[in-house]
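User: Please take a close look at one part of this model, the place where the two chains meet. Keep it brisk.

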Amino acid sequence: MAGIFVFSEEDAVARQLLTAGLELKAAMQLPLCVITTNAGEADTFIHLGAEKVFVLKAPKAWPEGLAKVVADLARSEQASVLLVGGTLRGKDIAAKVASLLKAGLVSDAQKVKFSNGVLETTRLLYAGLALCEDTVAIPAVVTVPPRTFTEPVPSADRQGAVQSVEAVPDTRVAISNVCPIESEGVDITAASKLVSVGRGFAHKEDLHLAEELAKAIGAEISCTRGVAEDYHWLPIERYIGISGQKVKPDLYLAAGISGQVQHVVGIRDSKFIVAVNSDERAPIFEAADYGIVGDMYEVLPLLTAALKH
Amino acid sequence: MPKILVCYKWVLDEQDIKINPADLSLDPSRAKGKISDFDRNAIEEATLLVEKLGGTVDALTYGTSTVKQSLKDVLSRGPNKVFWVADASAEKADAHVIANVLAAAIRKIGQYDLILCGEGSSDSYNQQIAPRLAALLDLPAITYVQEISASGNGFSATRKLTDCTEVATVQGPAVISVLGEINKPRIPSLKQVLAAAKKPSEEIKIADLGLTPEDLVPKVICISVKGFVMTRKNVVYKDGDAAAKVAKLADSLKKEGLC
């Protein structure tokens, strides 16, 4: 049977993808199916709209090692569309599956719809400088970033089938030393105000200037990729950009941030953007509502004093 | 001593692509070519590995005729030899086509112990090439890697995922994609630039790769590209002393109800 298939190694992402799957189902008149490794979640998927759930019987397998299993299943079930949760693991799996199926794959699609016999998708290009619309031939594989869709409304009345699939994972890669990345549990995407720091800060000790401003206005601290990944001054969960967090606070105050496109793509939904930078030509001013050209080390303490209640 | 192949893409420098305000089309006329950012990390990592372990590094690229501009650049960064496929098909190639061409070229050139790629390109950032190559060449893939070391007959690589790191180990050849944080690519010295001119480069004709016409037909076709334009107020205080500018900004923020 042809169908629309959803796969994610993360149950929450699979549930979100069912929303996109239900839209495609309405347009394509094809059944909606989920491929999962978690048998315990099968009923939930059915309540959310899946007609059939394929449970891969591969306990504790490394998800990336299941690509061939997913590809074989998609082929034998003649899947028209395979939506894969766009986690890093998911993107790895999706690319292998697409290759094995000789199918097109759109990475990180923000929108997916069916029209004129092909899928139409929207995604970012050049690190967010542009939006690109593509068509993808059927069968198509698409990865969708986590949290792009909200879960459908469940209904306990829905019925569906559950089928077990024997899965032989790829054992060529041995996994060891799995270490959780230390997390402070801060969710900067939920903050209404952010004071964000960039490479304009010369030393880690100088970050207190931003912290004091943040405290004065009730903001969280965020940063650029360089500050988190090159300098390691702040945890990666605080970094904003194409490969980091996307934020939409009421106020985003960028201190010592030049405003490269890879960063700005993560802040473009902010209500107000304010920039402090010594370089008048820094691209951040093009992205800002208000700005000060000046020495951040001089400006930030003054701004803290001026905005302190 | 490993024989390493590093794949790279020659892309436009996105920082110099302008958006035409009239129709939101992209204006690349001022943008120069560059080796895609994370591919530079892959080239550096290959070079660091052979400096430590011995062996050789070859580079491989596929693009339009502009890839010729990349040859000296890539050779100045460490590789001993570069193979290049220049063909008009690259203009509209999706990851399916690119991986087909690279995989066919690799089969033609010969066996490698390690194939390195950047995690994604600076232009389309599809993050597909390493896992696609692995699937086409029937090799294991290790993606999103921040550290690589030799291990037995193969390699150990530390992957960095969203919520954890993990060490992936393979025996025998593998395809690995690296993150930008794995190293800091060196800036080629004058000596390296001069030496690059003497290193070999070899063109591979796409017709000699044994690909079917279908292998070169993209499955993903771009139908529209529009620059993303933000409408912002762009009120910038640049005159006067710091205190005066801060007073103006504080005033503006209060009027917007932000502070």
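Analyst: What follows starts with the interface and then turns to chain A.

The model is predicted: local features need pLDDT of at least 70, side-chain atom pairs count only at pLDDT 80 or more, and totals for chains, interfaces and linings use all residues. Residues are numbered from 1 along each chain as its sequence is written, and chains are lettered from A and ligands numbered from 1 in the order in which they are written.

At the interface, 65 residues of chain B are in contact with 66 residues of chain A (contact: C-beta atoms, placed from the backbone, within 7 Å). Several elements of chain B give two or more residues to its side, among them α3 (95-109), α4 (129-137), β11 (164-170) and α6 (242-255). Helices (H or I, at least four residues) and strands (E, at least two) are DSSP runs, numbered from the N terminus. By class, this side of chain B has 36 nonpolar, 15 polar and 14 charged residues. Here Ala, Val, Leu, Ile, Met, Phe, Trp, Tyr, Cys and Pro count as nonpolar, Asp, Glu, Lys and Arg as charged, and the others, Gly among them, as polar.

Strand β11 (residues 173-180) of chain A runs antiparallel to β11(B), joined by six bridges (pairing needs at least two DSSP bridges). A:V173 has B:V170 as its bridge partner.

Helices meet too. Helix α4 (residues 88-101) of chain A packs on α4(B) at about 40 degrees, with the axes 8 Å apart. Axes are lines fitted to C-alpha atoms, for helices over the stretch in contact, and angles run from 0 to 180 degrees between N-to-C directions. That angle makes α4(A) oblique to α4(B), because angles under 35 degrees count as roughly parallel, over 145 as roughly antiparallel, 65 to 115 as roughly perpendicular and the rest as oblique. On the α4(A) side, the contact includes A:D92, A:K96 and A:L100; on the α4(B) side, B:R132 and B:L136 are among the residues. By class, this helix contact has seven nonpolar, one polar and three charged residues.

Now chain A itself. Its domain assignment gives domain 1 (3-166) and domain 2 (188-307); the bounds come from an automatic or database domain assignment. Their centres, taken over C-alpha atoms, are 36 Å apart. Five residues of domain 1 are in contact with five of domain 2.

Two backbone details remain. The A:I138 to A:P139 peptide bond is cis, with omega near 0 degrees. A:P139 sits in the loop between β8 (130-136) and β9 (140-144) of chain A. A:N116, not a glycine, has a positive phi of about 55 degrees.

Methods. Two residues are in contact if their C-beta atoms, placed from the backbone, lie within 7 Å.
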